[in-house]
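I opened my notebook to keep track of what I look up.

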Amino acid sequence: MSTALQSAGYRLIETRLQERLDDGTTRCHLCLWRCRLKHGQRGFCQAHVNRHGTLYNLSYGILSAIDVGPIEDKPVRHFRPGTRVMSIGSYGCNFRCGGCHNLEISWGVTALDELARGESTAAWVTPREIVAAALRHGVEGIAFTYSEPAVWLEYVLDVSHLAREAGLYTVYVTNSFVTDEALEAMAPVMDVLCSDIKSLDDAFYRDICPTASVQPVLDAIARAHALGIHVETRTNVIPGRNDDPAMLRGIAEWIRDHLGADSPWHITRFFPAYKLAHLPATEPTALWRAHDLAREAGLDNVYVYDDKGCDCAGENTPVNVWLDADPEALHQVKKCSASCCGESGVVLKKYEDAGEP
Ligand code: SF4
Ligand code: SF4
């Protein structure tokens, strides 16, 4: 467990999976970007920064949203049905989907930039406090969602260890553009992985992430399954983008062959947003066509949602309400302690010298 658990306030926490390379850069191994960063640079997700050769996570303990609801809303249907889960998220994603909702949270560029400048007033919550809040609200699990949890893995792991000790289950809602090393680190404390399979078309993935393609995503999902994590998959069907019947049938066949005929597949509805605001919402008939194709392919548990898209943060209750916290204390300006970032006590990231250490 991280020493960050002992931390008394906001500070940078060392990136969990990193490697110093001979060329002076340091590589992050949390997600399949495997960013190689020089001093002063941040990764694609904006949540990790290289300071003098060591990578740090800016967003440890930083919460963008909290909500409580049925586990079926994640969507997860074959693990502890009927129970309630506390969903939490931070800021940052390793993809840039054209139809992403709630960019302020999912990509969180502004929020992460404010953290990097030492100007953020985002909520900072210790792992113990979040687990205590979950117990206080009578939920049976904690879900990491809203943004991509891989870019926040340090906190995800610390919370998950404590959640398990407290008898809570854990759920990881992801795009699965994640490394084997990250999956192996989380497997001992993660009960459920709910993953997108967005398409079987490499061009679709390249469009939302220049370094992504289909096979590494499928490999990660299969790896999570092999590691003993309960896996459920979800495809958000977008008109004209990933609604080709042969491809949807192909997704169902892949699930059948790699996760099992009884593995749940969730088919959700696209709602126009951002760069795809000009597209119509998916016709429910298209969702049911995908359902029928999957059933014909031999998948036993296919669920259609005509009222649900991605697991985005909606109009959430303010974070402090769930935490019974003093809003003023929770939202104090987040400046890294002087012992961590130097005498200025402020995280400077790209505003600092970008030269060699
Ligand atoms: S989490 Fe992914 S995108 Fe972020 S720095 Fe690490 S490898 Fe890069
Ligand atoms: S839809 Fe999900 S994976 Fe895509 S950019 Fe938004 S948060 Fe990231």
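I start with a definition: a residue is buried if 20 or more other C-beta atoms lie within 10 Å of its own, exposed if 12 or fewer, and partly exposed in between, with C-beta atoms placed from the backbone. By that count, buried residues make up 48% of the 357 residues in the protein.

I note the ground rules. This is a predicted model, where local features need pLDDT of at least 70, side-chain atom pairs count only at pLDDT 80 or more, and totals for chains, interfaces and linings use all residues. Residues are numbered from 1 along each chain as its sequence is written, while chains are lettered from A and ligands numbered from 1 in the order in which they are written.

**Overall form.** The C-alpha trace spans about 65 × 45 × 40 Å along its principal axes. I find twelve helices and 16 strands. These are DSSP runs (helices H or I, at least four residues; strands E, at least two), numbered from the N terminus.

**Domains.** I see domain 1 (3–59 + 335–351) and domain 2 (62–304); such bounds come from an automatic or database domain assignment. Their centres, taken over C-alpha atoms, are 25 Å apart. In contact (C-beta atoms, placed from the backbone, within 7 Å) are 27 residues of domain 1 and 29 residues of domain 2. On the domain 1 side I note 18 nonpolar, five polar and four charged residues. Nonpolar covers Ala, Val, Leu, Ile, Met, Phe, Trp, Tyr, Cys and Pro; charged covers Asp, Glu, Lys and Arg; the others, Gly among them, are polar.

**Ligands.** Which residues come nearest to ligand 1? Of the 14 around it, they are C28, C31, C35, G43 and C45. Around means a C-beta atom, placed from the backbone, within 6 Å. Each of domain 1 and domain 2 gives this shell at least three residues. Ligand 2 has C93, C97, C100 and C310 around it, among others. Its shell holds five nonpolar, two polar and two charged residues.

**Helix α2.** In α2 (residues 109–117), I list A111, L112, L115 and A116 as buried. They sit on the same side of α2, because they cover an arc of only 140° around the axis, taken from the directions from the helix axis to the C-beta atoms. Their cover includes β5 (48–51) and β7 (62–63). Just after α2, G118 takes a positive phi of about 75°.

Notes:
Two residues are in contact if their C-beta atoms, placed from the backbone, lie within 7 Å.
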